[in-house]
Structures are given as C-alpha cells and as structure tokens.
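I set out these notebook entries in the order in which I looked things up.

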Amino acid sequence: MKHRMMTAGILLAGGLAVFAGTTDLALAGPDTNILNVGIAAPDAGRLDPHLSATTIDKAVFGWMFNGLVRLKPGTASPETVEPDLAESWETSADGLDWTFHLRQGVQCHHGYGELTSADIVYSLNRAADPNRSSFSGDFSVFDKVEAVDPYTVKIVLKNPVPSLLGLVTNYHGGNIVCMKAAEEMGEDFQKRPIGTGPFMYGEYKPQQSLMLVANPDYFRGKPELDGINYQYVPSDSARDLAFQSGELDMLYGKQDQTWVERTKQVEGAVVHVMEPAEMSVMSLNITSKPLDDIRVRQAIAMAVDRDQFMEFKGRDVTRVAKSVVPQGYLGYADMSELMPKHDVAGAKALLAEAGFPDGVTLKVIHTALPGMLGTMEVFQAQLAEAGIKLDLEVVEHATFHAQIRKDLSQIVHYSAARFPVADTYLTQFFHSGSIVGTPTGITNFSHCAVADKEIEAARVEQDPEAQKQLWKTAQEKIMAEVCGIPIYENLQIWATKTNLDLGYELIGSLSLGPPVTEKTHFIK
Amino acid sequence: MLRFVVRRLIFAIPTLLAVMTMVFVLVRIVPGDPAQTILGDQASAEALQTMRERLGVDRPILEQYVEFMRGALVGDWGESMVTGKPVLTEIARVLPYTIELTVVSLIIGAVIGIPLGAWSALHRNEWIDYATRVGSLLGLSFPAFVSAILMLIVFSIQLRWLPVISGGNRATFGEWARSLALPALNLGLIMAAYITRVTRSSMLGSLGEDYIRTARAKGVPERVVIWRHGMRNALIPVVTVVGLYLGILIGNSVLTEIVFNRPGLGKLIVGALGQRDYTLLQGLMIIYTFVIVIVNLLTDLTYGLIDPRVKYQ
C-alpha cells in the first residue's frame, strides 16, 4: 500500500517536471521581435473603432487606424496636430467648408486596395450613422462629406465647431475604415477590422489575446516590430508577475502610488505617467435642498483639503485640479484664485449663516470601484469635520451609472478624460442641454446652466484668442456658482521594459495607450 | 436504466424552466443598462434610448420573456448584447476549457484524496492521520486565488518552469499540459482536501462494520479486506460529495481562470454580469443549470456501478 502511494506521488512530481523541462522556450521576449502588451481586461469588446469607446479597445485602434490628421505620436494636445492620411487642408473664411488633400498610394490592410476619397466619405458617414456608430452625436454638425476627386475630400458643416480637426483625428469616429472591407463584412467588420495603420489584424483568441501583425505596405514605412501580441490579463497580480518574468514588454498600470513605486523596482522597467488626465470632480446638484443655497456649496468647497488628497492618491500619479476643465485641454484656464482655501471653521460659519448651525446631511450614491471609493471616503471624512454628513450608499459600478443619471445622488463623484478641448468637458458636464434626465442629457449632474451662453459662443468663435477668453469666462462662472468641486487629476500609467524604444517621447496619448509606431523597436 | 435516465431528464425540465424564469427576472431587476456599456458614458439620453430600442430591452417585459422562452426552446439563444456575437458561439468557444479544467482537477483530487483518506483512516490517531487532517483543513480554508498566486510566484517567477500567462494553448500536448498544469493543480488540491476528509470518515465507518470483522476472522488477506470490503462500501458518500462539490469546483474555477488567465465560462459570466449583458447571462445560467442536472444524474448512475444492490426504477 505504502509503495503504491509513493509511486503515485513520484508519478505526479515527474509529470510536473516533464512540463517544466520544455518550458523555457515558451517564454516570449524581445528575441521574437513581437511586442507583448498586457491590458487589464477579461476580453476584447467590439473591435470596431466606430463602436467601442473602452480603454481596452481604444489602444488597439490607435495602432491599426489612421485619421485624416493625427496628434503627434506621444502627445495628447490638439495643438500638435499634423498630417496623417491628408497631406494638407484648407478652410473657408466662415469655417464651414473644409477641404482635405489626401496622400496618394496609401494601402488598406490585407490587400483591400488603395485608400481614396471614397473611403474617407464612406468612413465619416459611417461614423455619423447612429446605427453603425457610437459617436454619431459628434458628427451632427456635418452637413455633407463629398469626394471632389479621388484624392480630395470636402466637408461642409452646418455651423462652425470648436475643433473640426479634432473630429477627423485618429480617435473615435475619426478613425478611417476601408470601405470595401466594411461593406463586404457588414456587422462582421469587428471580427476582422481593416484600416491603414502600421499594424493589422492577425488573430483573435477569445479571452486571451489579439495578435496584430506588421503592415508591410504601411505608408510611413514597414514597422520595425513584427507584430503586437495584445493580451487580456484581468488579474492585477498575474499581470504584474508576467511583466516581472519578462512575458510582457508593455504593461497597463494602476493609478496608484504604491504600484508605481513597486514597478520601478522591477529590473529593466520604466514607468510612464502620461496625459490625458482624468479629473475627479464632485458635482453638486444645485436644484436639491440644501445644496440650492450657494453658501452650503461654498462650505463644502471650503471643507475640502486637496493636499490631503494628494497624499492619499500619490504625487507621482496625480496632480491638484485647478479648474472645472482638466489641465492641458485646449481652453483650460487656471482657476486656483477662485478656489477657497481649506478652512473648517469658515465652512461651519457659512453653514450657520445659511441656517444650518447643526450641519447638514446629504444623500450620496457611489460606485464600489476601489480607486474611486477611496476618494469618496476621504471626501466624506473631510466634510464630516465641518459638520456635513454624507449618507453614503455604495453600489456596484453599472448600478451607480444608472442611478446617478436619475438624479438619485446629491453629490456625484465622476472621474473622466475627454477629447482635450474645453468644449467637450464644459458641454457634457456643465451645459444645460446635458442635464441628466432630459432627452439630450449626458453627464450634467449639477444642473448647472450659468455658462450656456459662453459655451455656445465659444463653439462658433473663429478667433482662437476670443474663443479662449469665452472658455475662461465659462470656467469662472461655473466655479463661482460652485456647480462642481474639482479635486485632483489622475494621469494614465503604463510601464515598459528598458529594451523597448518607442521611437518618440511619450508625454500623452489620446487612445490612452502608448502609440506603437513603425519606429518602435527593441534595442538589441 | 434507460427509463430511469429518461425520467430524470424529464423531471429536469421544470427545474430548467424555473431557473430560466428566475434568471430572466433577476438580471432585469438589478439596476444598470446594457446600452450604457455599449455606448460609453459620453452617450446622450437619446442615443441610449435608440440603442435600447435596437436591443429590444425597452419593450414590455412579458413580450421579452415570451420571446426569450420561445428562442431558448428552439435553440436560438440570441446574440450577446455587448459583443453582438451569438450567445451559443460565445459559450461553445470557452466551454471546452472549463470542462477540461474541471475534469483534470477532479482526477487530481481523486488520485490524491481517496488513497490519502484511506491511509489516514487506517492509521487513525497516528501522526500521519493528524498531518493529513491538518493538511486537508488547510486545503479547505485556503482561498483559491491566494494559492494560485503563490503557485505563480514559486513555479513561474522563482523556478521559471511555467509561464505566468498560460492562456489556453493547445497546439501540442506539451503546450496543453503546461497551460493546464498550474490551474488544474490549484483546483485539484482543493478538491483533494474535500475528498480526503470524506474518504477518511466514510472509511472509518465501514472499517468498524461487522463484515470487516468477519472477513478478518475468516482469514481474508488484509489488502482484500481494506480495498474490496472496506473501500467499496465507503465509496458511495465519496461519490456523492464529488458530485456535489463539482458545483463548487465550477465556482472556484472563476477565480482560477482569472488568475491563470485561462479562457472559460467563469470569466465570461463575470464579464457579462458587469456589462449587464442580459442575453449572455441567460444563456450561461441555462448551461450551468444543465451541467448541474447532468452531474447529479451521473452521480446517481455511479452508485449502481459501486453498489450492485442499487436498482434504477
């Protein structure tokens, strides 16, 4: 009997050793010339650039697609815009007619032929079609898009917009899909998306990975890498361990100080902290009692200690928010002057003046997402010192999103990054048209409406300086009304191995993932 | 026996119908909106409404229910609301991974657990018994995701024997075995802990029976006494437990799949829940219920193999 047990044990151990003996070759690395990227997600979403708006898919679209124009790789500021599929462009004096001259000889992936103006017209119309696109709203100002000749495209607008180039950047609906492929595949396009970028669709393994291969005909030259293996690794620990063991060369990071410090210790690792920032704002519902009294809102603003938040979130990954528009966005203006200093006694005095000497109690619904919940708990503790009690109900994330859109939470903590032009942030969060519960509602939880005039005027203003001035006034009005209290800005965190040369300086990326260009390569 | 199987399957129909109804209602009671997941948080209320109409979730609940039931019965389980792919395809793509993980873990659990339990019972209150009892208690109380991470640290980081991201490569036997080794061992050890404890107590019971004393008295060799007379009779509770714990194994496999990055039903269900993918959730629940029904049936059938006195009527 004892012998049998031992035999079983030996067999089991032997079996393990057999797998082990042959494993070293399985560990991928730079020798394969394939870039291994790890993302925090269980699986891909919809692999169609006009449908998916998730961080998980957006990074991939950035590697596969081009726009008429692009932001310089490694930057996330609309001021670095440069030619992409279009070599040049001009606009009419009224800002309504835009003509783009296309680059010649651009090839669609997998032999779908040369990209011409017909593809651009098709792609932009597709992005504007609510049945085939999640971003149709962005294109509602388009009157028509026409192909003047095979290499010239004309866009006619109904009225001027703050950033037409922003709409035709390689981002969201601006990503250009190839007409023949999209027509041929219809709904199946997401199973084999076809663009013109440096990397093209290779193979998708459900819940495991998306393999992209180098596009040998890329118009800026054949990529130095052979491909990208984009791996879906939902477990934080497994992802970190795989980076440590060398299985991953590029890693989606956590917006967390300890993570950054720990990852910096990993041999041969570089941590990147990049734009665009996601700003945490506390929106105060100014139509609900007692928040309809501006003194109560001011008291809340006074009770906030931003320095403490910085200590809590970590100074490497966050910075203090200074306006209701994040820093680095076109039109951002520093509003530090309008933010009251941290003053608990002052907050109490204001509350007493408003008729609440014993403090107030506010109803708050919040998501259980750990990163966001921690912030709300600190906020709750800070407010409690001033006698403002938050009756906090913690719910699961999808529930949170549904309930805050029904005005069920008096204070809404929202954390978001948007296309970096002040208009998007101001419109979605502070324009009366976006008030939740209305047909056009988006994310205006505060019911703020004080700056509608300036926001609308800035959209059509053609003089850049006057436009910036309008945006500045809008920010001042919103701050003075205390519709929202900006807390801090979280930056995007990624890590790469030192033997990877991205080929540009990484300051930011609209796709929220570091661009992988034709120049990205491993250093031997 | 065929009649028994058919009858059991017919009895399973009301169970399935009840589960389907419950799942249908439950996923819709929870607040949340699949349209929001699809369109993202910048979508306007109008765009969300258009999407809800396209998905059909704005229609009267009864109408949706009737359509769901009719579809489920004729094998049309609809399309995933979020990815747009057919539910059956989504499930079929990952089901083999979950099945192979469960079966291999079960085998590891039985191969370790049954002999160890028996051995422990034979050496009652000796050090080997104490060690086994403590060891199995540890196995029961250790969370699957913690042991999984410990295994990764030891085998992938320290020893570098196996990759961290094992995925589900199945091109060659070697790759298949490597990708399955750690997850199966992780779940198998938990299973072994359960089986060891049940085998031990059941074996202790049967060793104290009269027929064991009789067998020994008439000079039957000890090996035969233990394995034929003792073990054979002790196995029924073990099989019951294995059948019951198969459900638990599926639950634990969710965490194991996530940490070892294996494809599987567990990951699918967690994703579908977070995204409020009603159709996919419904499909997954039907599959789970079906698996449990089948496992219970197999458990009952195994009794007959172990004990010839069991008759199926």
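**Entry 1. Chain B as a whole**

What percentage of the 313 residues in chain B is buried? I found that buried residues account for 41% of chain B. I note at the outset that this is a predicted model.

I then looked up the secondary structure of chain B, which holds 12 helices and zero strands. Read from the N terminus, its elements run α-α-α-α-α-α-α-α-α-α-α-α. I recorded the span of the C-alpha trace along the principal axes of chain B as about 85 × 55 × 35 Å. I also looked at how far apart in sequence the contacting residues of chain B lie. Of the contacts in chain B between residues at least 6 apart in sequence, 74% join residues at least 24 apart.

**Entry 2. Annotated segments of chain B**

I consulted the UniProt record, an unreviewed entry, for chain B. Its annotation "transmembrane region" covers residues 9-30, 103-122, 134-156, 176-195, 234-260 and 280-306 of chain B. I checked two of these segments against the model. Residues 103-122 of chain B are 100% helix and 0% strand, with 28 Å between the end C-alpha atoms. Residues 280-306 of chain B are likewise 100% helix and 0% strand, and here the end C-alpha atoms are 39 Å apart.

**Entry 3. Helix 11 against helix 12 in chain B**

I next examined how helix 11 (265-275) of chain B packs with helix 12 (residues 278-306) of chain B. The angle between them is about 145 degrees, and their axes are 9 Å apart. I noted the crossing of helix 11 of chain B past helix 12 of chain B as left-handed.

Which residues meet in this contact of helix 11 with helix 12 of chain B? From helix 11 of chain B I listed B:Leu265, B:Leu268, B:Ile269, B:Ala272 and B:Leu273, and from helix 12 of chain B I listed B:Leu280, B:Leu281 and B:Leu284. By class, the residues of this contact are eight nonpolar, no polar and no charged.

**Entry 4. The contact of chain B with chain A**

I counted the residues in the contact of the two chains: 45 residues come from chain A and 49 residues from chain B. On the chain B side, the elements that give two or more residues are helix 2 (34-39), helix 3 (45-55), helix 5 (87-122), helix 7 (144-158), helix 8 (173-207), helix 10 (222-260) and helix 11 (265-275) of chain B.

**Entry 5. A:Ala242**

I picked out A:Ala242, which lies in helix 6 (residues 236-244) of chain A. Is A:Ala242 buried or exposed? A:Ala242 is buried, because 25 other C-beta atoms lie within 10 Å, against a cut-off of 20 or more.

Leaving aside residues up to four places away in sequence, I found that A:Ala242 touches A:Gly38, A:Val233, A:Glu247 and A:Leu248, and also B:Val164 and B:Ile165. A:Gly38 is 204 residues from A:Ala242 along the chain, yet their C-alpha atoms are separated by 8.5 Å.

**Entry 6. Strand 1 of chain A**

I then looked up the partners of strand 1 of chain A. Six bridges join strand 1 to strand 10 (residues 227-232) of chain A, and the two run parallel. In this pairing A:Ile39 stands opposite A:Tyr232. Two bridges join strand 1 to strand 11 (residues 250-252) of chain A, again running parallel, and A:Val37 stands opposite A:Met250.

**Entry 7. The antiparallel sheet of chain A**

I turned to an open sheet of four strands in chain A, which has the order 4-5-7-6 and antiparallel pairing. Strand 4 (86-91) and strand 6 (142-149) of chain A each have a single partner strand, so one side of each is left without a neighbour in the sheet. I recorded an average twist of 20 degrees from one strand to the next.

Strand 6 of chain A is joined to strand 7 (residues 152-157) of chain A by six bridges, and A:Lys144 stands opposite A:Val156. Helix 3 (residues 117-127) of chain A packs on the sheet and touches strand 5 (97-102), strand 6 and strand 7 of chain A. The direction of this helix makes about 170 degrees with that of strand 6 of chain A.

Technical notes. Residues numbered from 1 in each chain as written. Chains lettered and ligands numbered in written order. Predicted model: local features only at pLDDT ≥ 70, side-chain atom pairs only at ≥ 80, totals over all residues. Pairing = 2+ DSSP bridges. Axes fitted to C-alpha atoms, helices over the stretch in contact; angles between N-to-C directions. Contact = placed C-beta atoms within 7 Å. Left-handed = near helix turned anticlockwise from the far one by under 90°. Nonpolar A, V, L, I, M, F, W, Y, C, P; charged D, E, K, R; others polar. Buried ≥ 20, exposed ≤ 12 C-beta atoms within 10 Å, placed from the backbone. UniProt positions renumbered as here; feature names shortened; annotations may be inferred.
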